[in-house]
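Let us walk through this structure step by step. Keep the sequence and the 3D view side by side as you read.

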Amino acid sequence: MKETNGKNSVEKLDQEQDLGLYFLELCRRKVKEELEDYGGDDDEKEESPTELNTLNSSGGFVVVATDKLSVKYVSVNLHGHDVGVIQANKVAPMKRLVYYFEITVKDAGVKGQVSIGFTSENFKMRRQPGWEANSCGYHGDDGLLYRGQAKGETFGPTYTTGDIVGAGINYAAQEFFFTKNGRVVGTVYKDMKGPLFPTVAVHSQNEEVHVNFGQKPYAFDLKEFEAHERMKQQVKIEDIPVVPNASYGIVRSYLLHYGYEDTLDSFDLASKSTVPPINIVEDNGIDDQETTYALNHRKTLRQLIRNGEIDVAFGKLREWYPQIAEDNTSAMCFLLHCQKFIELVRAGALEEAVKYGRKELSRFFGLPVFEDLVQECVALLAYERPLESAIGYLLKDSQREIVADTVNAMILSTNPNMKEAKNCLHSHLERLLRQLTACCSERRSLSGNQGETFQLQRVLSIGKRS
Amino acid sequence: MSLFWVVVRQLAEIEAMAASKKVIPREEWERKLNNVKIRKEDMNKLVMNFLVTEGFVEAAEKFRKESGTEPDIDLATITDRMAVKKAVQSGNVEDAIEKVNDLNPEILDTNPQLFFHLQQQRLIELIRNGKVEEALEFAQEELAPRGEENQGFLEELERTVALLAFEDISNCPVGELLDISQRLKTASEVNAAILTSQSHEKDPKLPSLLKMLIWAQNQLGEKASYPRINDITTAALEDSA
């Protein structure tokens with residue numbers, strides 16, 4: 001028996017486990033994603049401020065309008081401890097590049113002591129943002145920036161009735177920034193940790209501000225600002241040297257890994273004829289051997305599966321690789337049987353599908369890892385137009401692709417030279433992307449979950465024609 | 001225990017504290033890697049984007065068939081773009097200019113620098129082929145007026161004309177203009193301009209992602225020690241963390 005190295009359950013792969021289960025897991029994840037209306041990751045789910053918090057405000061000095069977006073100072077201010085402060089109902093979201101909100105000064109009142117900024121949760125609600133520790137505020141009457149003390153720093157212009165003033169957190173640069181009438185007036189290092197509330201204050205009779213948490217367009221071009229910040233980061237990154245033609249090698253090994261042989265041939269041919277010819281840095285040789293293994297068989301089977309010819313694919317598999325095809329209860333065989341069933345449904349051969357299901361799929365009912373996918377497949381029968389149903393994804397090309405990928409990986413696993421089972425599952429490209437994603441999300445979690453994480457989907461959507 | 005060893009131990013502790021980096025053991029890191037979700041469709045798109053942007057039109061066509069991935073640009077336009085690129089690479093600049101104008105006359109109209117570089121390349125090719133008179137005429141008629149408009153162009157023009165002053169070009173200080181790399185530079189400039197005119201990014205995404213990986217590994221490296229990928233061509237995780 002092969003030695004197992006006792007790693008945890010995720011590392012099943014290293015043990016004598018059915019590799020196909022990995023792909024089965026991918027399918028099941030897809031089921032969940034489809035049902036949950038998959039949106040990329042959890043970033044978008046973070047709550048944002050929507051209105052002012054009327055419960056925790058300096059009651060008595062101010063009146064908040066019924067829309068909870070306007071605040072007015074109604075008393076006569078007497079000292080420094082009767083400021084009308086009000087926070088947003090939620091903390092500024094952190095899992096993004098930038099957070100921003102704006103106020104419009106409706107009326108600068110008697111003294112124009114309006115301010116905008118950020119404060120921590122236990123901020124003293126009778127003081128100007130910036131006067132106390134763990135707060136920061138840009139004040140309208142003097143244009144100064146206050147950071148945790150009663151003395152302000154020279155910062156920007158003053159602002160008054162009719163001005164639109166904004167405050168933002170740039171998580172990438174770890175800076176606060178403020179705007180007046182659509183232009184950045186200044187930035188300052190963000191020395192506060194932990195969650196921060198968008199905060200506004202009014203402090204003289206009749207002062208009134210209206211807050212915009214993004215319900216309406218901002219005076220400031222936030223999109224442009226974000227694009228500029230991303231670009232600044234990108235410029236730094238573009239300066240990093242990489243091995244010449246590394247991309248060519250990675251694309252090539254991707255094509256090899258998945259058995260896209262026709263593409264590979266064209267690619268190789270074209271690489272040779274470019275001026276100057278592209279010399280792909282050859283891997284250590286062994287690696288290449290791992291991936292050229294059974295290339296033509298893998299390509300043929302992928303084509304058959306992509307064309308929906310599951311019976312033929314099954315036949316070839318049994319002929320070429322009996323060792324992986326003989327166990328009819330393996331995840332690979334299960335996925336192929338499901339696919340055959342799906343193809344019958346697609347062709348409208350429902351009776352035949354039922355017969356096939358009874359013969360080949362029924363044995364998987366009641367087995368935890370297989371059950372949900374079997375049920376989804378069988379459920380296709382219930383719809384008049386299955387493609388438009390919640391499980392319509394099963395009829396898409398991507399499902400065929402997963403089945404083809406499963407067969408591909410299983411064939412790779414029969415290669416006696418394959419060093420690690422994991423290499424059957426992940427191409428070089430995938431390993432690099434996993435490392436990139438893991439590095440970015442780990443780094444974010446080590447810096448208090450601030451900033452945006454890496455998402456391949458976002459990178460892919462940049463620069464697309466809308 | 002001797003005082004020496006006590007001190008050594010204390011020093012070691014201080015060192016560990018100073019580093020105070022989070023240590024992520026390989027097993028934990030691999031678990032994190034396994035939890036990352038990368039969609040096959042997205043990798044396919046990334047590969048397609050590379051093939052298309054780099055101009056591998058046949059490979060892109062095959063890849064569409066083999067993987068079902070739709071290219072983010074009309075494949076026919078790649079053929080035209082590559083024809084222009086090839087024309088510059090092989091020194092047929094006139095032909096290239098004509099082809100660009102067939103594709104979209106606005107490309108050169110709105111891009112005086114590119115147009116100048118193409119004309120400059122044409123001059124270089126004339127000089128390379130020993131057509132001295134024709135070269136001089138071309139420089140005077142086509143390039144000099146542009147040099148008057150723009151100081152940068154004028155300097156470039158002077159540098160190029162200097163090629164004529166040397167009989168033995170292999171020993172000439174501006175000889176690099178005759179190098180193949182100059183053609184490639186001009187070719188890639190045209191290539192980028194055509195892509196931009198097609199609202200497509202001028203560079204493929206994959207090389208940037210590789211750079212980003214190195215950057216991200218360094219950034220995380222400041223806060224934690226964890227298994228890295230040191231050689232992106234093998235994508236292997238380093239052994240010791």
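Start with one pair of side chains. B:Lys40 and A:Asp405 form a salt bridge, with N and O 3.0 Å apart. Keep in mind that this is a predicted model. Why does this pair count as a salt bridge? It does because the rule asks for a side-chain nitrogen of Lys or Arg within 4 Å of a carboxyl oxygen of Asp or Glu. In total, six salt bridges are counted between chain A and chain B.

Now look at the helices on the chain A side. Which helix gives the largest share? That is α14(A), with 16 residues. By residue kind, the chain A side divides into 33 nonpolar, 23 charged and 17 polar.

Next, step back to the whole interface. Chain A brings 73 residues to the contact, and chain B brings 66. About 6700 Å² is buried between chain A and chain B. Carbon and sulfur atoms give 65% of that area. Polar contacts cross the interface too: 25 residue pairs are found, both partners at pLDDT 80 or more.

Finally, turn to a stretch of chain A named in a record. An unreviewed UniProt entry annotates residues 294–352 of chain A as "domain: CTLH". What is this stretch made of? Residues 294–352 of chain A are 78% helix and 0% strand. The end C-alpha atoms of the stretch lie 33 Å apart.

Methods. Residues are numbered from 1 along each chain as its sequence is written. Chains are lettered from A and ligands numbered from 1 in the order in which they are written. This is a predicted model: local features need pLDDT of at least 70, side-chain atom pairs count only at pLDDT 80 or more; totals for chains, interfaces and linings use all residues. Side-chain values use heavy atoms; hydrogens and water are left out. Contact means heavy atoms within 4.5 Å. Buried area is the accessible area (1.4 Å probe) that two parts lose on being put together, summed over both. A polar contact is a pair of N or O atoms within 3.5 Å; within protein, one must be able to donate a hydrogen and the other to accept it, and residues adjacent in sequence count only if both atoms are side-chain atoms. Helices (H or I, at least four residues) and strands (E, at least two) are DSSP runs, numbered from the N terminus. Ala, Val, Leu, Ile, Met, Phe, Trp, Tyr, Cys and Pro count as nonpolar, Asp, Glu, Lys and Arg as charged, and the others, Gly among them, as polar. UniProt positions are given in the numbering used here, feature names are shortened, and annotations may be inferred rather than shown by experiment.
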